[in-house]
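Please walk through this chain strand by strand.

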Amino acid sequence: MSGSTATTTATTTGTSTGSTTGTTPANAGTKAGIGMDTAPRLAVDRLLDDPTTRIIVCCGAGGVGKTTTAAALGVRAAERGRKVVVLTIDPARRLAQSMGIDSLDNTPRKVTGVDGGELHAMMLDMKRTFDEIVEGHADPERAQAILANPFYQSLSAGFAGTQEYMAMEKLGQLRARDDWDLIVVDTPPSRSALDFLDAPKRLGSFLDGKFIRVLMAPAKVGGRAGMKFLNVGMSLMTGTLSKLMGASLLKDVQTFVAAMDTMFGGFRTRADATFRLLQAPGTAFLVVAAPEPDAVREAAYFVERLAAENMPLAGLVLNRVHGSGADQLSAERALAAAENIEEGGIVDQESGKAGLRDSADSPSDPDADADVDEITAGLLRLHAERMQVIAREQRTRDRFTSLHPEVAVAEVAALPGDVHDLAGLRAIGERLAAGVPAGA
């Protein structure tokens, strides 16, 4: 999961008996877990086993666990007989490490140790993908001129929206090769999940040539009027373009536009084609979130956006959910018990201890008794804090399910450590699909 793999695995609310497209009936089966009375369960294995499922897109805000979710789904699907490629955009390279690969790059690499099907993994190289587009759509001489152009180098390395656009370009390339029957995509770690859908359109509009050609006008107008016109155009551009100034910018842009003149329309065409691919049957979106108000609010916005764009939603994966094996003891009761111990107010506390500690075989030790009391009170307070966290997360989940009761949900419990290897990813996939209630 992009952002962090540290606390991502364990349990889910179970397996749905309904659809995996987000329209599962709310009464499909008995629900497990707190606050899940109206939420259908996400049938992970049904989604992975369906041969018509060709693309799974794990999306969500940054830092919610998309990379590990994508990797675990890839491992599980491969071991259930699918030919899978996982495309990650995680620069921390956690996916490569967990799959036992020295490094990932723009070329799919086979993962060893997977039984059943096949698993490949790759990490998007944004600039290399852009370079491949240029090399594939221009003759060698023109391609070299474009790749060496300073304007192109800045654009391909850091223009706002380039990463999301190139992720969709690479998805389109993988799907066109038809070497795999399932592609799992870990979307870029954007501030907003909506960037994955919006940025390709923005960059595609920029690269279709209409706006870039405006920057050619100063050369034709000339003089102060031309530079004034250039400044107006520059005021509308941000990021990389704002770092390039004056005549140097104009010369680089003129060279860039002249070299890429025949390629501009192709960017918009490919972006539109990939966008339609995301809407097509066989694509499934999994929205990944943490049980925190901001992350779940972002997930709700994304669910609504997917519906507006007619994109198929499989469900919500709620990561890092806290649970307790002693949830029958409420926070209030735990705090009250801790206070009674600390204040010596529990009825029959001394006589009860005397029966255990004041016998000949077990002489009473006041210091040891005090230590036991302190530890017990501390544990009760820790339990109370955990139950308060669980209650907050329950309220957050309930707000989402009240807004979107039709969306299938899987809960993944928080773990104290990182996922370091293939076995860890396999365990995540197993528990994600098993339907073990949180805290069990």
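## Strand β1 and its partners

I55 has T283 as its bridge partner in β6. Strand β1 (residues 55-59) and strand β6 (residues 283-289) run parallel and are joined by 5 bridges. Two strands count as paired if DSSP finds at least two bridges between them. Strands themselves are DSSP runs of E with at least two residues, helices are runs of H or I with at least four, and both are numbered from the N terminus. This is a predicted model: local features need pLDDT of at least 70, side-chain atom pairs count only at pLDDT 80 or more, and totals for chains, interfaces and linings use all residues. Residues are numbered from 1 along each chain as its sequence is written, and side-chain values use heavy atoms, with hydrogens and water left out.

β1 also pairs with strand β5 (residues 182-186), in the parallel sense, over 4 bridges. In that pairing, I55 has I183 of β5 as its bridge partner. V57 stands opposite V185 in β5.

How many residues of β1 are buried? The count is 5 of the 5, so β1 is largely enclosed by the rest of the structure. Buried means under 20% relative accessible area, exposed means over 50%, and partly exposed lies in between (1.4 Å probe, protein chains only). Both faces of β1 are covered. I55, V57 and C59 are buried on one side, and I56 and C58 on the other.

For β5, 5 of the 5 residues are buried, so this strand is also largely enclosed by the rest of the structure. L182, V184 and D186 take one side of β5, I183 and V185 the other, and all are buried.

## The sheet as a whole

The sheet is open and has 8 strands. Their order is β3-β4-β2-β5-β1-β6-β7-β8, with mixed pairing. The edge strands are β3 (109-110) and β8 (409-413), and each pairs on one side only.

β2 and β5 run parallel and are joined by 4 bridges. V85 has I183 in β5 as its bridge partner. V317 stands opposite A410 in β8.

## Helices across the sheet

α7 lies across β1, β2 (83-88), β4 (118-123) and β5. It runs at about 165° to β2. Helix α14 (residues 293-308) lies across β1, β6 and β7, at about 160° to β6. Angles run from 0 to 180 degrees between N-to-C directions, and axes are lines fitted to C-alpha atoms, for helices over the stretch in contact.

## The α4 and α7 contact

Helix α4 (residues 126-137) packs on helix α7 (residues 162-177) at an angle of about 60°, with the axes 9 Å apart. That makes α4 oblique to α7. Angles under 35 degrees count as roughly parallel, over 145 as roughly antiparallel, 65 to 115 as roughly perpendicular, and the rest as oblique. The crossing is left-handed, the term for a near helix turned anticlockwise from the far one by less than a right angle; clockwise is right-handed.

Which residues meet here? From α4 come M126, T129, F130, E132 and I133. From α7 come T162, Q163, M166, E169, K170 and Q173. Contact means heavy atoms within 4.5 Å. The contact residues divide into 4 nonpolar, 4 polar and 3 charged. Here Ala, Val, Leu, Ile, Met, Phe, Trp, Tyr, Cys and Pro count as nonpolar, Asp, Glu, Lys and Arg as charged, and the others, Gly among them, as polar.

## Single residues to check

P51 lies in the loop between α1 (44-49) and β1. P51 is exposed, with a relative accessible area of 61%. P51 and G282 are 231 residues apart in sequence, and 8.5 Å apart in space, C-alpha to C-alpha.

D178 is found in the loop between α7 and β5. Its phi is near 60°, a positive value in a residue other than glycine. D178 is partly exposed, at 48% relative accessible area. R320 has a positive phi of about 60° although it is not a glycine. R320 is found in strand β7 and is buried, at 14% relative accessible area.

## Chain totals

The chain has 18 helices and 8 strands. Of its 440 residues, 50% count as buried. Among contacts between residues at least 6 apart in sequence, 80% join residues at least 24 apart.
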